[in-house]
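Dear colleague,

I am handing over the structure below, together with an account of what was found in it. Please read the notes alongside the coordinates.

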Amino acid sequence: MLTFLLMIEDEAQRNKLEEIYATYHKELFYVAYQILHDYYDAEDIIQTAFIKICKNLEKISEVKCKKTRAYLVIIVRNLSFDRYKEKKRTVLTNFADEEMDIKDSNSSLEDFVLNLEKGKELANTLSKINTSYADILTLRYYYEYSVIEISELLNISVDNVSVKLHRAKAALKKKLSEGGTLLE
Amino acid sequence: MNKSFDEDKIYKEQLEHNYLNYIGHEHVNNICDDLDSRKDDRKEIEVPDHLNEWFKDFVKMEEKRNKIQKKKAIHHFKFVQKVAVAIICLIGVNFFLIENVNAYRFQLYKVVVNIKDIFTQIDYVKNEEVPYISIPDDWVVEYFPYYIPNGYRLIRSSSSEKINSLFYLNDDEERILLKVYNSEVTLNLDSENGKVRTVFINNKESILIEKEDFIMINWTLDDRFFLLETQNLSFRETIMIAENVQVLKEENKNK
């Protein structure tokens, strides 16, 4: 009985992994290639990403949906950014990040909840400030990952995740305090 | 006041969490929209064939790894099952032996009693509660019962060439009688209508007779025969008295 149950579980997991690969591997390869401009590196990143996805398969409930699609893209592009940094041996910083002095503003997020229609624009702005800020914020609050899980998924330290989360929230607050004048 | 402040804080945190969740949701939509808008660019990029080959190998490898883990889990489960069966068998055999084999029951009982002795020997006992330590002047035998239950006092002792005895009574007139015989005597114990069984006194096989409210134990030590008779005393207490019939300690010998 135990063997039978384990087999069913194995088969379901394998089918899910194969479906994810069949559905998204081209798109993910494209995402990695767009950042790295190198076939071998992009291939390597996809392999690393699928090893990580395999470890987190139980968190994917539905394969063909926006949530899963974006989740896979977030993993691949953050791994690609890391690889890019390693290759260039320089710290990749978004110019907007350097220009923006991100400090906690006095405004709080709940003051702006009424501006719900600006959520999309705000997410877009945050992504432009620093893509990984938006990704980590999304992993934390949309996918409900813990800081430790994010650090394992994206190969970055727990401290780094915490700092990025803090900066992402501070950047959002700053944008909100500017009265909705969002970066274009 | 504080409660209200805490509630406000909780609601604000929930609101912030939900708003960030909403931002995340929009971020997900943006990612998908962005990918959709670049659908045509994607067609120009070829995915290397060996990525597919790698994936097939990876799935096989994962399957193999899962099989090994599964085998280990099943092996572990079977081992636990075997241990459980062994424990149940052991308990069953023990139960059967306790029920049916006197010698085994008694050995087990002795172990329990010994453990209890070890853990109860720190009990504080006042000196006046152990009158049996005083050896009668006419006691010439080199053995003496070093344990007599509380409440009993020595009424009389007698010594002769063939037999020496100690007689104790408590307030309810219940007695303990210890007789020590020389090896030449032949004992005929009255076991009529009594329950006879074998017990072990200091690892030596002995005969125990339970009859009405009396228990009698007969055992040998060196060249002596011992007969202990108790009235309305428990099996455990009777065995303890017998076990504690020991060689006289130096400080107790009559000078």
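**Chain A and its helices**

Read along the sequence, chain A follows the pattern α-α-α-α-α-α-α-α, that is, eight helices and zero strands, where helices (H or I, at least four residues) and strands (E, at least two) are DSSP runs numbered from the N terminus. This is a predicted model, in which local features need pLDDT of at least 70 and side-chain atom pairs count only at pLDDT 80 or more, while totals for chains, interfaces and linings use all residues. Residues are numbered from 1 along each chain as its sequence is written, chains are lettered from A and ligands numbered from 1 in the order in which they are written, and side-chain values use heavy atoms, with hydrogens and water left out.

Of the 184 residues of chain A, 49% count as buried; here buried means under 20% relative accessible area, exposed means over 50%, and partly exposed lies in between (1.4 Å probe, protein chains only). A:Tyr39 belongs to helix α2 (residues 39–55) of chain A and is partly exposed, with a relative accessible area of 34%. The C-alpha atoms of A:Tyr39 and A:Phe29 are separated by 8.7 Å, the two residues being ten apart along the chain.

**Salt bridges**

Side chains of opposite charge can pair when their charged atoms come close. With a salt bridge defined as a side-chain nitrogen of Lys or Arg within 4 Å of a carboxyl oxygen of Asp or Glu, the count comes to 14 salt bridges over all chains.

One of them is formed by the side chains of B:Glu63 and A:Arg14, at 2.3 Å from N to O. B:Glu63 lies in helix α3 of chain B and A:Arg14 in helix α1 (residues 2–36) of chain A, so the pair joins two chains. B:Glu63 is partly exposed, with a relative accessible area of 28%, and A:Arg14 is partly exposed as well, with 26%.

Within chain A, the side chains of A:Glu27 and A:Arg69 meet in a salt bridge at 2.8 Å, N to O. This pair links distant parts of the chain, with A:Glu27 in helix α1 and A:Arg69 in helix α3 (residues 66–88) of chain A, 42 residues apart. Both A:Glu27 and A:Arg69 are buried, and a network of salt bridges links A:Glu27, A:Arg69 and B:Asp36.

A:Lys59 forms a salt bridge with A:Glu149, the closest N and O atoms being 2.6 Å apart. A:Lys59 lies in the loop between α2 and α3 of chain A and A:Glu149 in helix α7 (residues 147–154) of chain A, so the pair ties together parts that are 90 residues apart in sequence. The relative accessible area is 35% for A:Lys59, which is partly exposed, and 27% for A:Glu149, which is also partly exposed.

How do strand β6 (residues 204–211) of chain B and β7(B) run, and how many bridges join them? They run antiparallel and are joined by five bridges, two strands being taken to pair if DSSP finds at least two bridges between them. B:Leu208 has B:Ile217 in β7(B) as its bridge partner, and in the hairpin of β6(B) and β7(B), which has two residues between the strands, B:Glu212 takes a positive phi near 50 degrees.

On to the next pairing: β7(B) and strand β8 (residues 224–231) of chain B pair in the antiparallel sense over eight bridges, with B:Ile215 opposite B:Thr230 in β8(B). The hairpin of β7(B) and β8(B) has two residues between the strands, and in it B:Asp222 takes a positive phi near 50 degrees. Six of the eight residues of strand β7 (residues 214–221) of chain B are buried, so this strand is largely enclosed by the rest of the structure.

Helix α5 (residues 235–243) of chain B has eight of its nine residues buried, so it too is largely enclosed by the rest of the structure. Among the buried residues of α5(B) are B:Phe235, B:Glu237, B:Met240 and B:Glu243.

Kind regards
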